[in-house]
Amino acid sequence: MLPPRPLLAGLALALSSTAALADARSLDIVAPWEITGADPATSGYVFGRMRVAETLVDTDADGRPAPGLATRWHQADDGLGWRFTLRDDARFHDGSPVTAEAVVSSLEHALAKPGILDSAPITAIEADGDEVVISLDSAFAPLPALLAHSTTLILAPAAYGDDGQVTEMIASGPYRVESLAPPQRLTVSRFDDYWGETPEIEHASYLAVGRGETRALMAESGDADIVFTLDPASLARLSRHDRLDLHAEPLPRTIVLKTNAGHPLLDDDRARRALGLAIDRTGIASGLLRHPEAAAAELFPESLGPWHLGLEADAARDLDRARGLLAELGWEANGNGVLERDGEPFRLTLRTFADRPELPLVATALQDQWRELGVDLEVAVGNASEIPSGHRDGSLELGLMARNYGLVPDPLGTLLDDFGSDPDAMGGDWGAMGWSDAELADWLDSLRHEADPDARSELATRVARRLHEAMPVIPVAWYQQTAAVNGELEGFSIDALERNYRIDELRWAE
């Protein structure tokens, strides 16, 4: 027997109300990184990850360049020009079409500010029908990869003020900005006129929370649905919660020590190599990071192909060799076991930050391990901004940080920024400091225009080996991205290049 009509109507109303509530349920994301404003030059990574804004070139699941707002591209025969053909159905959040003129304007704004495009020899960016034409003064093979970087997000003309500054985030992604409250909060809603597949989740929020313990508590309490970047202790605790799913993914991001190679204690590569030889990477990876495979004797993980040298982390520690190198430089242990030279102790300050909760732990381990070598290391935990500011004013001695060599789908983009192709340059904020190498600069220049895969592989290996020999930055461990996820969410995955939180691929379990 069928239920009475009033009861059927009530059930239908209840079901429709439940569906509406599920559709309106906000997806709440928590991560460490603050939002400094609407400009992609400073906060583009947040808007890209939250699927608000898009780039001309995207990446596929394997990290290779793939169509984004451009459906295809090709390089001129002389190597001095690239043409990018735009998709014809993309619109900005204000309803205006994504035209070649709008893309050109956005890229010109990006080029005028410090960013990844600085490393490309661009002479002009022009519109030609539905194509964007980029002219160069020399061949530059990795240009499409650079155009996948978050500083090159494409915004609508209305996003810019008369002075060229970004006043509002108006882009073309599957989500549009509802509210922006720097430095912590962003809320977005589904953009129903998106050119691609419509997301199932209608509303989402992003909250920047610097303290790892607080982020873990938010996952534990249910105040957040996805929490990124968790310390090992929190991961162990959260693994006992049935309603949470834990995820980890190896990334082309390396925990490194940035050295001031112009400092009188560090200006000889033997000193930097000695510090590297004194690090127990296997102990740090196993005991602190809880990922033994993360121990890194070199900058680049295996996923980066020819940039990876295949060095064994277990063989990378040699205290006797480290002591010998420092003895060659005139260092001798005093009565307290601290190395001295001409009455001066081997004393350095290492700066790091707690936004990535594992970094202070690693810094403390380095302090203990280098004490065994005779190095007196002071650890200062502050803000991430103190490392680039210390680079610029020359006050930085050592900086412990995590550097992503997969910021674009070709490590060359990051390396050009970090180590430059100018032998007289100091290097980038997150790269070399007080160090340069003319031969390495030549190899990087060759990689700019070399198209032959075998030749590119050989050059990549040369660069990786030279960086390992000179150690302007010292590798410690390869990074694992971690996340705690509400068990009611389906379709979650981690982007190894950290470009995309893939929220448009998520859905609530029925």
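**Close-up views of a predicted model**

**View 1. Strands β16 and β17 pair in parallel.** In this predicted model, seven bridges join β16 (residues 347–353) to β17 (residues 376–382). Arg-347 stands opposite Asp-376 of β17. Between the two strands, the chain passes through helix α10 (residues 358–373). This β-α-β crossover is right-handed.

**View 2. Three strands form an open sheet.** The strand order is β13-β14-β15, and the pairing is antiparallel. Two bridges join β13 to β14 (residues 339–341). Ala-333 has Leu-339 in β14 as its bridge partner. Which strands stand at the edges? They are β13 (332–333) and β15 (344–345). Each has a single partner strand, so one side of each lacks a neighbour in the sheet.

**View 3. Helices α12 and α13 cross in contact.** Two packed helices are described by the angle and the distance between their axes. Here, the axes of α12 (residues 411–419) and α13 (residues 438–449) come within 11 Å. They cross at roughly 145 degrees. The crossing of α12 and α13 is left-handed. From α12, Leu-412, Leu-415, Leu-416 and Phe-419 make the contact. From α13, the contributors are Leu-440, Leu-444, Leu-447 and Arg-448. By class, the contact has seven nonpolar residues, one charged residue and no polar ones.

**View 4. An annotated domain covers residues 65–415.** UniProt, in an unreviewed entry, places the feature "domain: Solute-binding protein family" here. Over residues 65–415, the chain is 25% helix and 27% strand. The end C-alpha atoms of this stretch are 18 Å apart.

Note on methods: Residues numbered from 1 in each chain as written. Predicted model: local features only at pLDDT ≥ 70, side-chain atom pairs only at ≥ 80, totals over all residues. Heavy atoms only, no water. Axes fitted to C-alpha atoms, helices over the stretch in contact; angles between N-to-C directions. Helix = DSSP H or I, 4+ residues; strand = E, 2+ residues; numbered from the N terminus. Left-handed = near helix turned anticlockwise from the far one by under 90°. Contact = heavy atoms within 4.5 Å. Nonpolar A, V, L, I, M, F, W, Y, C, P; charged D, E, K, R; others polar. UniProt positions renumbered as here; feature names shortened; annotations may be inferred. Pairing = 2+ DSSP bridges. Right-handed = clockwise from strand over helix to strand, strands pointing away.
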